[in-house]
Amino acid sequence: MDPASTNRDRLDLLALILLFFALFVFASLADCAIRSLTRAKLKRLSERSPSAAARIQQVVDRPDEFLASAALLKLASLLAATVIGTAVLGEARPDLPVWAVWMIVVVIATIAGWSRYQLSSMLDV
């Protein structure tokens with residue numbers, strides 16, 4: 001196989017990992033925003049922009065539907081990034097044992113999850 005195409009394939013896979021991580025961050029931000037919505041905040045918003053408040057009212061009335069969607073998107077994006085990351089790492093470093101590859105992936109996934117909660121606490125000011 002041509003080394004240039006191998007490098008191109010790796011770059012494509014890394015771009016996919018970044019895309020899935022961006023989806024994870026987006027879903028985490030949506031989750032934080034939905035959880036921070038309160039009727040008092042909605043009332044203040046309705047005083048400034050009644051049309052925006054009307055659109056957000058359904059989220060306040062049925063947050064579980066939106067939270068479930070965000071949770072599924074987070075899970076799917078993290079799983080996809082993990083599978084692709086494992087494949088890339090295994091191909092780039094075939095000398096690493098499988099358990100080491102999975103340990104690296106678990107650490108990165110844990111950091112991603114931890115950063116989501118840090119972000120959540122910063123937004124709930």
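Leu-16 is partly exposed, at 34% relative accessible area. Here buried means under 20% relative accessible area, exposed means over 50%, and partly exposed lies in between (1.4 Å probe, protein chains only). The model is predicted: local features need pLDDT of at least 70, side-chain atom pairs count only at pLDDT 80 or more, and totals for chains, interfaces and linings use all residues. Residues are numbered from 1 along each chain as its sequence is written, and side-chain values use heavy atoms, with hydrogens and water left out.

**View A. A nonpolar surface patch is formed by Leu-16, Leu-19 and Leu-23**. Together the three leucines have about 220 Å² of accessible area (Shrake-Rupley method, 1.4 Å probe; for residues, only the protein chains shown count as cover). Patch residues have over 30% relative accessible area and no salt bridge; like charges are joined within 9 Å, and nonpolar side chains (Val, Leu, Ile, Met, Phe, Trp, Tyr) within 5 Å. Leu-16 belongs to helix α1, residues 3-36.

View B. Helices (H or I, at least four residues) and strands (E, at least two) are DSSP runs, numbered from the N terminus. Of the 125 residues, 24% count as buried. The accessible surface comes to about 8600 Å², and 71% of that belongs to carbon and sulfur atoms. Among contacts between residues at least 6 apart in sequence, 64% join residues at least 24 apart. A contact means heavy atoms within 4.5 Å.

**View C. Ala-112 is buried, at 7% relative accessibility**. Ala-112 sits in helix α5, residues 98-123. Leaving aside residues up to four places away in sequence, Ala-112 touches Phe-21 and Phe-24. Ala-112 and Leu-78 are 34 residues apart in sequence; their C-alpha atoms are 8.9 Å apart.

**View D. The largest pocket has a volume of about 310 Å³**. Its lining counts 17 residues; Ile-17, Ala-81, Thr-82, Gly-85 and Ile-108 lie nearest the centre. Helices α1, α4 (63-92) and α5 each supply at least two lining residues. On a 1 Å grid over the protein atoms alone, a pocket is an open set of points where a 1.4 Å probe fits, with protein on both sides within 12 Å along at least five of seven lines; lining residues have an atom within 4 Å of a point. Grid points are joined across faces, edges and corners, and the volume is the space filled by probe spheres set on them.

**View E. Glu-91 and Arg-10 meet in a salt bridge, at 3.6 Å from N to O**. Glu-91 lies in α4 and Arg-10 in α1, so the pair ties together parts 81 residues apart in sequence. Glu-91 is partly exposed at 42% relative accessible area, and Arg-10 is partly exposed at 27%. A salt bridge is a side-chain nitrogen of Lys or Arg within 4 Å of a carboxyl oxygen of Asp or Glu. The structure holds 6 salt bridges.

**View F. Asp-31 forms a salt bridge with Lys-74, with the closest N and O atoms 3.5 Å apart**. Asp-31 lies in α1 and Lys-74 in α4, so the pair ties together parts 43 residues apart in sequence. Both Asp-31 and Lys-74 are buried. Salt bridges with shared partners join Asp-31, Arg-35 and Lys-74 into one network. Asp-31 also pairs with Arg-35, at 2.7 Å between the closest N and O atoms. Asp-31 and Arg-35 are 4 residues apart in α1, about one helical turn. Asp-31 has a relative accessible area of 2%, whereas Arg-35 is exposed at 58%.
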